[in-house]
Amino acid sequence: MAYALWRTGRHREPAAAELFFRREPFGAAFAVGAGLGQALRSLGALRFSAADIAYLRSVLPSTTEDAFFDYLCTVDASEVTVTSVPEGSVVFSRVPLLQVKGPLLVVQLLETTLLCLVSYASLVATNAARFRLLAGPEMKLMELGLRRAQGPDGGLSASKYSYIGGFDYTSNVLAGKLYGIPVRGTVAHSFIMSFRSLEEVQPRVLSPLAGGEPVDLPSLAESWLQRVCELLGTPSDKPNRGELAAFVSYAIAFPQDFQGLLDTYCVMRSGLPNFCAVALALHQLGYRAIGVRLDSGDLIQQSKETRRVLRACGAHFQVPWFGSIPIAVSNDISEQNVEDFIREGSEIDMVGVGTNLVTCPLQPSLGCVYKVNGSPCLKFTEEEEKMTIPGIKAIYRLFDAAGHPFMDLMALEDEPSPSVGQELVVHVLGRRGEATKVRPSAVEPLHRMYLRDGQVCEELPSLQEVRSHAQASLNLLSSVHRRLHDPQPYPVAVTEKLHLLLAELQQASQ
């Protein structure tokens, strides 16, 4: 395609394109725009190396002119200008996430790269935001998706964009290293099952936190286990000693970060008594356990039973903090599970989500499109949502008196900006062209110029700043647009001038 365009001599014509999606994902009224920073950074690397040119020579027809390959050696982003919504912004269907201007051939070459970098990122960030909205602000969310993601690149992207969407932690250590995302992990079933008895624990001793003589922790934990079993009315021979050995070994390695995976054998008869015994032994030495995890069964009921036991041990053994030890859960957690946790009053403090976060099974693609749209032209189709909106645009977000956005407005680039309190005649997309009058209490230009003629003109925000912006943007939404079930569609409109241009082009197409 590039060669054909080059042969026409039109490859340097000024062009513009826009990237958008046609329908909000997951049946919601919004999406979270993400991947924009990575997309902009990728433009700085746009060039063809000698090896690239050699490969293209090998796959293109032998009749391809040498002058075309000479031209490819000069291609870069030095004449490209990009405007975009700030990454992490709440975005809506048919509103451009970004607009690209530059030579026609270069603008077209960027299509696949930009779609790849923005589509999945925005989908995962949106999916993560849904989990955050369901969980509420207090429950901690941990992304556990690396082993379920679509390859290592998908795994890294999922960790990064889940964090933007509102997750607190990732288990992906490489993502922590590369992006500064807080990392959290837990004990695996395989670790616990690798132990058979307390005799396997090496080393065996642990010094008190305040200093002093080292203590044989397996013996101390065994003595505490007798007391815990007596309190709980559990026969002392029921807790699995291999599990106890695993907990002790982990506690010796991480005395200030001890946590227990409770369901390898049986939560109530083994995992929980063993955890309490080791945690109380650590407490005797001045340390404090940081949590437990449940990974199977009825997580809501088990969380309540676990909390009851932790509180009982805390009260009986006079350890006040013991009853508030955080309870984490995992096991193919879905949105429905999180809703159930909240509705049924679970005692869950942290949720680990993997498959249903990173693979986005409810909608595996956002369906972003990239349309060259510089000169007023129209893709005409019987499906209205697939009809392009012509021209280079300015995008505005209109706010009501309560501070909530109530409409995104697309105008032609040369139109004057709408003003606060001004009565605007607009045409809402999907309402068959009927005019509506609105009067915004605040107006925000939605796009910023990040790249002008290949030069960065606004510093890109850090990942933490993008995450904070995403949460602030979501919080501004009215509840009728933010809710995940039966939301009210968010209106996207065009100005009277853009509507007349659209109608003119439609008439010409017919």
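This is a predicted model: local features need pLDDT of at least 70, side-chain atom pairs count only at pLDDT 80 or more; totals for chains, interfaces and linings use all residues.
**Entry 1, the domains.** I began with the domain assignment, which gives domain 1 as 2-131 + 364-508 and domain 2 as 137-358. Taken over C-alpha atoms, the centres of domain 1 and domain 2 are 44 Å apart, and the contact takes 20 residues from domain 1 and 25 residues from domain 2.

**Entry 2, the interface.** I then looked up the area, and found that domain 1 and domain 2 bury about 1,900 Å² between them, with 59% of it on carbon and sulfur atoms. On the side of domain 1, Phe131, Leu463 and Arg467 lose the most area to domain 2, together 40% of what that side buries. I noted 13 residue pairs in polar contact across the interface; the elements of domain 1 that give two or more residues to the side touching domain 2 are α6 (111-135) and α16 (463-476). The largest share, nine residues, comes from α6, and the residues of this side of domain 1 divide into eleven nonpolar, six polar and three charged.

Between domain 1 and domain 2 I found a count of two salt bridges. I looked closely at the salt bridge of glutamate 335 with arginine 130, where the closest N and O atoms are 2.7 Å apart. Both glutamate 335 and arginine 130 are buried. In helix α14 (residues 335-343), the buried residues include Glu335, Val338, Asp340 and Phe341, and the buried residues of α14 pack against α6, α13 (299-316), β12 (327-329) and β13 (350-353). Just after α14, I noted that glycine 345 takes a positive phi of about 65°.

Since glutamate 335 lies in helix α14 and arginine 130 in helix α6, their pair ties together parts that are 205 residues apart in sequence.

I next checked glutamate 347 and arginine 311, whose side chains meet in a salt bridge (3.8 Å, N to O). Glutamate 347 lies in the loop between α14 and β13 and arginine 311 in helix α13, so this pair ties together parts 36 residues apart in sequence. Glutamate 347 is partly exposed, with a relative accessible area of 23%, and arginine 311 also counts as partly exposed, at 47% relative accessibility. I also found that Arg307, Arg311, Glu347 and Asp349 are linked in a network of salt bridges.

Conventions. Residues are numbered from 1 along each chain as its sequence is written. Side-chain values use heavy atoms; hydrogens and water are left out. Domain bounds come from an automatic or database domain assignment. Contact means heavy atoms within 4.5 Å. Buried area is the accessible area (1.4 Å probe) that two parts lose on being put together, summed over both. A salt bridge is a side-chain nitrogen of Lys or Arg within 4 Å of a carboxyl oxygen of Asp or Glu. A polar contact is a pair of N or O atoms within 3.5 Å; within protein, one must be able to donate a hydrogen and the other to accept it, and residues adjacent in sequence count only if both atoms are side-chain atoms. Helices (H or I, at least four residues) and strands (E, at least two) are DSSP runs, numbered from the N terminus. Ala, Val, Leu, Ile, Met, Phe, Trp, Tyr, Cys and Pro count as nonpolar, Asp, Glu, Lys and Arg as charged, and the others, Gly among them, as polar. Buried means under 20% relative accessible area, exposed over 50%, partly exposed in between (1.4 Å probe, protein chains only).
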